[in-house]
Amino acid sequence: MSKSAVLASLLLQREVEDFLYREAELLDARRFDEWLALFTEDARYWMPMRRNVSSEDRDREFTREGADVNWFDEGKDTLARRVAQLGTGIHWAEEPPSRVCHMVSNVQILQASPAGAAAPAEVAVRCRFLVYRNRVETETDLLVGKREDTLRRVDGAWKIARRMVVLDQSVLLAKNLTFFI
């Protein structure tokens, strides 16, 4: 790989990491309208349920997108309604608002297209996350898992076109999913 290709790869990695870190900060600061603007109009945001299955039945470990019941399976319109509801200040499960901290790590660029382009139009990204939420005095939730994103360059800026969230647990211990992952 040439030096210019290595440099382009490192710059892309840093650009994607910065995007994901900025997204986490927007969520933690409850700047949901700005967060929502990070999504393409045709975005898909979903989290399958995970089942405990035998090693011979691994193809059934996760519920299927668009076919089975998932923790959530949303487009930008649904996300916009959730953001609007949080913005009313009268969301029963978020009054008073939760304190949330998103941590992102192990960012990997799996594929860029077009391949070898100095500024690819789309990238497939995998990362690990930890989301900590505290509500009122005693409610604490900790979600750990991975995300698989497709980021698309729109008007020179990255936007989330697709996000699949996979929890490293089969039972959701949180009382609700009023926060974003």
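**Labels and the values behind them**

Glu65 is partly exposed, with a relative accessible area of 29%. This is a predicted model, in which local features need pLDDT of at least 70, side-chain atom pairs count only at pLDDT 80 or more, and totals for chains, interfaces and linings use all residues. Residues are numbered from 1 along each chain as its sequence is written, and side-chain values use heavy atoms, with hydrogens and water left out.

Q: Why is Glu65 called partly exposed?
A: Buried means under 20% relative accessible area, exposed means over 50%, and partly exposed is in between (1.4 Å probe, protein chains only). Glu65 has 29%, so the label is partly exposed.

Q: What makes the contact of Arg162 and Glu65 a salt bridge?
A: A salt bridge needs a side-chain nitrogen of Lys or Arg within 4 Å of a carboxyl oxygen of Asp or Glu. For Arg162 and Glu65 the N to O value is 2.8 Å, so the pair counts.

Q: Which parts does the pair of Arg162 and Glu65 tie together?
A: Arg162 lies in strand β6 (residues 157-167) and Glu65 in the loop between β1 and β2 (72-75). Strands (E, at least two residues) and helices (H or I, at least four) are DSSP runs, numbered from the N terminus. The pair therefore ties together parts that are 97 residues apart in sequence.

Q: Why is Lys76 called buried, and why is Glu41 called exposed?
A: Lys76 has 13% relative accessibility, so it counts as buried. Glu41 has a relative accessible area of 64%, so it is exposed.

Q: How do you know that Lys76 forms a salt bridge with Glu41?
A: Their closest N and O atoms are 3.0 Å apart. Lys76 lies in helix α3 (residues 76-87) and Glu41 in strand β1 (residues 39-47), so this pair joins parts 35 residues apart in sequence.

Q: What places Arg14 and Asp18 about one turn of the helix apart?
A: Both lie in helix α1 (residues 3-28), 4 residues apart. The structure holds 20 salt bridges.

Q: What makes Cys127 buried?
A: Its relative accessibility is 2%, so Cys127 counts as buried.
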